[in-house]
Amino acid sequence: MGISGIGAAEYQMAGYRAGRNGETGTKNFMETVAEKSAQDKVTEYGEKAFDLVGAKAPQSVKNAWMETVEEVGVNGLGMTSNGSTHITQLHIQQVIANYWGLDCKNILGSSVQSAMQAAQKALYDFDHPLEPEKVRSMEEQRARTKEREFYTVFLDKLKNLAGQNQRNEAVNISGGISFTEHVATKAAIQSYVLERSFKDMWQTRFPGAYYHTMDACQISQGIWERLDFPHDEFFRNKVNKSILDWKPTGAEPKMADVSVQSRVGASLGKKSIVVPPALEEKMKNDPALAKQVMGKIETFIATKEAAKRPGRICSYILVLDEEGEIAHTCISSGGGISGPTEAAQRQFEAEQEAKRKRRAEYMEIVEESALKRKRMEQEAVIW
């Protein structure tokens, strides 16, 4: 039953007490012991979860995490004595970090600010799922409701913590630099952060990727999906805006057509993103929005890369709308035309094997958790 099951049991126990001890308003010894044991388990697994995502986070961030665990009754990984309640957004961040070869135990980073960014990304991804129509069980829906509450409370505590740190900095300014110098330094840092545009984020994350600014989201889906639409134009440094008014001049070719296959082969391994001017302006004035959009794109590409067949090479064109959502995509894949060298092929196969092992281990953990939850539910029904 997991955390949500424990919570439900606590609510049922409270109702049972009201019926049994309502006249005296007292608890019996066994009820008190049961409550204490349940809370101890929540705390224990809250700490275990933190160790898996906040290995390098400061103590103040851990304190905020544990306070949230105590208030909400769950942790950001959904860990309980009965296994995981479901796959949370922080869990997904771990998988993505592991896929890209990053430290999956350092999702919260080493500062209050980095922990805030992780919590904001988790909350944003929760509210903007890749599969919004996915059917979920009532148990998972309850667990997800508590998950969102955890992110919200945790983020509020981190914001308060960041504000307190800033106030402490202002109070402690003396001797080393003047207040004016301190303000100037902070302004310079903030200016640098704002100047790190979404384009910089995109091309830093994906070196060699193309970036275009135009309202390509206005292209109809029917036109965009045609195999003779000139998608390859987006793999150039400049795109003629006449592409927004492109119209077919004949029948749509088949996928096996030489012209289609030629363009697919020439685009393999390339990436391009098209951003509306209105969204670009929003992100210039709101760095947090830029990070959220970048996080969504990273998640999308990582998901596709993890699902592709071994040895396949993909190309990506992503078109965003004015709200930062993905409006159009064009994803092509192939084995490559020229082929890698023998050494490169061996290295690639070794990397793919390592990734397959990590994915297999991850799926085993998920399956074990699911089976354990199912057994607990069956036992609960029997009792």
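Averaged over the chain, pLDDT comes to 80, and 76% of the residues score at least 70. Two stretches call for caution. Over residues 188-195 pLDDT stays under 50, and the model has 4 contacts there beyond four places in sequence. Residues 336-340 also stay under 50, again with 4 contacts beyond four places in sequence. Where pLDDT is low, the predicted coordinates should not be read in detail.

Now for the sheet. It is an open one of 4 strands, ordered E3-E4-E5-E6, with mixed pairing. Strand E3 (210-213) and strand E6 (326-334) are the edge strands; each has a single partner strand, so one side of each is left without a neighbour in the sheet. Going from one strand to the next, the twist averages 10°.

Take the pairings in turn. E3 and strand E4 (residues 271-275) run parallel and are joined by 4 bridges. If you want a landmark here, look at His-212, whose bridge partner in E4 is Val-274. E5 and E6, by contrast, pair in the antiparallel sense, over 8 bridges. A handy landmark for that pairing is Val-319, which has His-328 as its bridge partner in E6. E5 and E6 form a hairpin with 5 residues between the strands, and in this hairpin Gly-324 takes a positive phi near 90°.

What packs on this sheet? Helix H12 does, touching E4, strand E5 (313-320) and E6. The direction of H12 makes about 150° with that of E5.

The axes of helix H11 (residues 277-285) and H12 come within 5 Å and cross at roughly 120°, which makes H11 oblique to H12. On the H11 side of this contact you'll find Leu-279, Lys-282, Met-283 and Asn-285, and they meet Pro-287, Leu-289, Ala-290 and Val-293 in H12. By class, that contact has 6 nonpolar residues, 1 polar and 1 charged.

Further along H12 (residues 287-307) comes its packing with H5, at an angle of about 65° and with the axes 10 Å apart. That angle makes the two helices, H5 and H12, roughly perpendicular. The crossing of H5 and H12 is right-handed. H5 contributes Gln-117, Lys-121, Tyr-124 and Asp-125, while H12 brings Lys-291, Gln-292, Gly-295, Lys-296 and Thr-299. The make-up of this contact is 1 nonpolar, 4 polar and 4 charged residues.

The last stop is where H5 meets H4. The axes of helix H4 (residues 89-99) and helix H5 (residues 112-127) come within 9 Å and cross at roughly 110°, so H4 and H5 are roughly perpendicular to each other. From H4, Gln-89, Leu-90 and Gln-93 take part, meeting Ala-118, Lys-121, Ala-122, Asp-125 and Phe-126 of H5. Sorted by class, these are 4 nonpolar, 2 polar and 2 charged residues. Look again at Lys-121 and Asp-125 of H5: they meet H4, and they also belong to the contact with H12.

Conventions
Residues are numbered from 1 along each chain as its sequence is written. This is a predicted model: local features need pLDDT of at least 70, side-chain atom pairs count only at pLDDT 80 or more; totals for chains, interfaces and linings use all residues. Side-chain values use heavy atoms; hydrogens and water are left out. Axes are lines fitted to C-alpha atoms, for helices over the stretch in contact, and angles run from 0 to 180 degrees between N-to-C directions. Angles under 35 degrees count as roughly parallel, over 145 as roughly antiparallel, 65 to 115 as roughly perpendicular and the rest as oblique. Contact means heavy atoms within 4.5 Å. Ala, Val, Leu, Ile, Met, Phe, Trp, Tyr, Cys and Pro count as nonpolar, Asp, Glu, Lys and Arg as charged, and the others, Gly among them, as polar. A crossing is left-handed if the near helix is turned anticlockwise from the far one by less than a right angle, and right-handed if clockwise. Two strands pair if DSSP finds at least two bridges between them. pLDDT is the predictor's confidence in each residue, from 0 to 100.
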